[in-house]
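Biologist: Could you walk me through this one? I'd like to learn how to read its features.

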Amino acid sequence: KISGCPNSCGHHHVADIGCFGMAMKVGERHLPCYQLLVGGGTSSGSARFGRRLIRVPSCRAPDAIARLLRLYAAQRQPDESFPAFIDRIGMDRVQQHLQDLADLTGAERQPELWTDLGDDEPFRLEAGRGECAE
């Protein structure tokens, strides 16, 4: 579940893997990012909120999700759900598996980091009509 904003309408907080959009200040500019959450879910009469995993530049979010899925496919036990897998191996291990994607060293020399997913123009933080208002 994914949303371009941190509001809960995207249901990212109750997903196996959830993402919400945000901007992170790097130097004097704002970088488009996604905060990844893992291990959430719902079942009859209960809900479990996902835990914050890592914040990555938006262009790296697809790779982060693909890595999570490959890690799960390679190391899960038979019939193990994704939230159970996260609980078993631990957040620290999962975060280490993705940490390089959050590295912003030399970000000013990486133009692809400054453009949001699906956009051609450099990212600009601006207030305006949100997704929910439409």
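Modeller: Let's start with a term: contact means heavy atoms within 4.5 Å. This is a predicted model, where local features need pLDDT of at least 70 and side-chain atom pairs count only at pLDDT 80 or more, while totals for chains, interfaces and linings use all residues. Residues are numbered from 1 along each chain as its sequence is written, and side-chain values use heavy atoms, with hydrogens and water left out.

Biologist: Fine. With which residues is Thr115 in contact, leaving aside its neighbours within four places in sequence?

Modeller: The partners of Thr115 are Pro32, Ser58, Asp120, Glu121, Pro122 and Phe123. Thr115 sits in the segment after H3.

Biologist: Is Thr115 buried or exposed?

Modeller: Buried means under 20% relative accessible area, exposed over 50%, and partly exposed in between (1.4 Å probe, protein chains only). Thr115 has 18% relative accessibility, so it counts as buried. Over the protein, buried residues make up 39% of the 134 residues.

Biologist: How many helices and strands does the protein have?

Modeller: Both are DSSP runs numbered from the N terminus: helices are H or I with at least four residues, strands E with at least two. Here there are three helices and six strands, in the order β-β-β-β-β-β-α-α-α from the N terminus on.

Biologist: And which residues have the most contacts inside the largest nonpolar core?

Modeller: A nonpolar core is a set of buried Ala, Val, Leu, Ile, Met, Phe, Trp, Tyr and Cys residues joined through side-chain atoms within 4.5 Å. The largest one has 22 residues, and Leu36, Leu53 and Leu68 have the most contacts inside it. At least two core residues come from each of strand S2 (17-26), strand S3 (29-38), strand S6 (51-57), helix H1 (61-75), helix H2 (82-89) and helix H3 (91-102). A second, separate core of six residues includes Leu31, Cys33, Leu113 and Trp114.

Biologist: What does Leu68 touch?

Modeller: Not counting residues up to four places away in sequence, Leu68 touches Ile17, Leu36, Val38, Leu53, Phe82, Val94 and Leu98.

Biologist: At what angle do H1 and H3 pack?

Modeller: Axes are lines fitted to C-alpha atoms, for helices over the stretch in contact, and angles run from 0 to 180 degrees between N-to-C directions. H1 and H3 pack at about 145°, with their axes 10 Å apart. H1 brings Asp63, Ala64, Arg67, Leu68, Leu71 and Gln75 to the contact, and H3 brings Arg93, Val94, His97, Leu98, Asp100 and Leu101.

Biologist: Why are the buried residues of H2 on the same side?

Modeller: Those residues are Phe82, Pro83, Phe85, Ile86 and Ile89.
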